[in-house]
Amino acid sequence: LIAVRAEGAQLTNIDGETTSHLMGTFYRTIRLLENGLKPVYVFDGKPPDLKSGELTKRAERREEAQKALDKATEAGDAAEMDKFNRRLVKVTKEHNTEAKELLKLMGVPYIEAASEAEAQCAAMVKAGKVYGVATEDMDALTFGSNVLLRHMTFSEARKMPVQEIHYDKVLKGLELDENSFIDLCILMGCDYCDTIRGIGPKRAFELITKHKSIEEILKHIDTAKYQVPGNWNFEIARGLFKKPEVLDVSTIDLKWKEPDEEGLVKFLCGDRQFSEERVRNLSLIHISEPTR
């Protein structure tokens, strides 16, 4: 929704309804297939109760962005208007529903996670169902995914090579075990609790390297200098990373099927204004060809 735009605005159908999410999902999925990859998409389920604080902060940031947008609009500042418009982009249930319908027609499997998508992805990687998690959210590593792929869906114009990060090499390089790594991630900031004021990434790494756990750090730091949040629920956050709510991976049966060419043309062309010729040509890329 943010990346796929024309002249600074989202793409729309003849009724003015957004189609950027469909354009991005369709063409980037085709790129994966063309390069021999078999994608499976995972959609977020219900967010953990502990995430409510982060969601509230996001809502507040959206309010601030709206005020800034109104100010930029009044001033006629096109660059600032585009900047804050991007910050106000919000994914709706309708966007998700349409994306799922598109994937179904393309023959690409998708899963609705019980809770956090990254947690479900990590569970699937650990079980050997898939090779890795393609996401920009580093939480996938905190959930223990063996392989994290970043920049997988970036535009080719950005010339960003895909980064392949291996969890075991991360732990070895940092000289941390899984528990210490999770505590480091919590100290540096996560969606489930606040951080200790005054401790940034560098200091957090120094402290976790020396003391190995948040409990030990709290015993040794100067709390007058470093402000610990009241009723800090880092232990619950730690538990969410170690034992997140996920679907039983053994019950997940991933199947890639032949695309429904006529269904795709009916869904994407006409009111949604996709090129029928392009859709038909691209739908010839058979799902059975990819090797990974």
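At 15% relative accessibility, Lys100 counts as buried (buried is under 20% relative accessible area, exposed over 50%, partly exposed in between, with a 1.4 Å probe and protein chains only). Its salt-bridge partner is Glu112, with the closest N and O atoms 3.2 Å apart; a salt bridge here puts a side-chain nitrogen of Lys or Arg within 4 Å of a carboxyl oxygen of Asp or Glu. The two sit twelve residues apart, Lys100 in helix H4 (residues 93-106) and Glu112 in strand S4 (residues 110-112). Helices (H or I, at least four residues) and strands (E, at least two) are DSSP runs, numbered from the N terminus. Glu112 itself is partly exposed, at 46%.

A word on the model: it is predicted, so local features need pLDDT of at least 70 and side-chain atom pairs 80 or more, while totals for chains, interfaces and linings use all residues. Residues are numbered from 1 along each chain as its sequence is written, and side-chain values use heavy atoms, leaving out hydrogens and water.

The whole structure has ten salt bridges. One of them, Lys219 with Glu216, comes in at 2.9 Å, and both residues lie in helix H10 (residues 214-220), about one turn apart.

Now look at helix H7 (residues 167-174), where Tyr167, Val170 and Leu171 are buried. They cover an arc of only 95° around the axis, so they share the same side of H7 (the arc is taken from the directions from the helix axis to the C-beta atoms). Over on the other side, Asp168, Lys169, Lys172 and Gly173 are exposed. The buried residues pack against helix H6, strand S7 and helix H8, with contact meaning heavy atoms within 4.5 Å.
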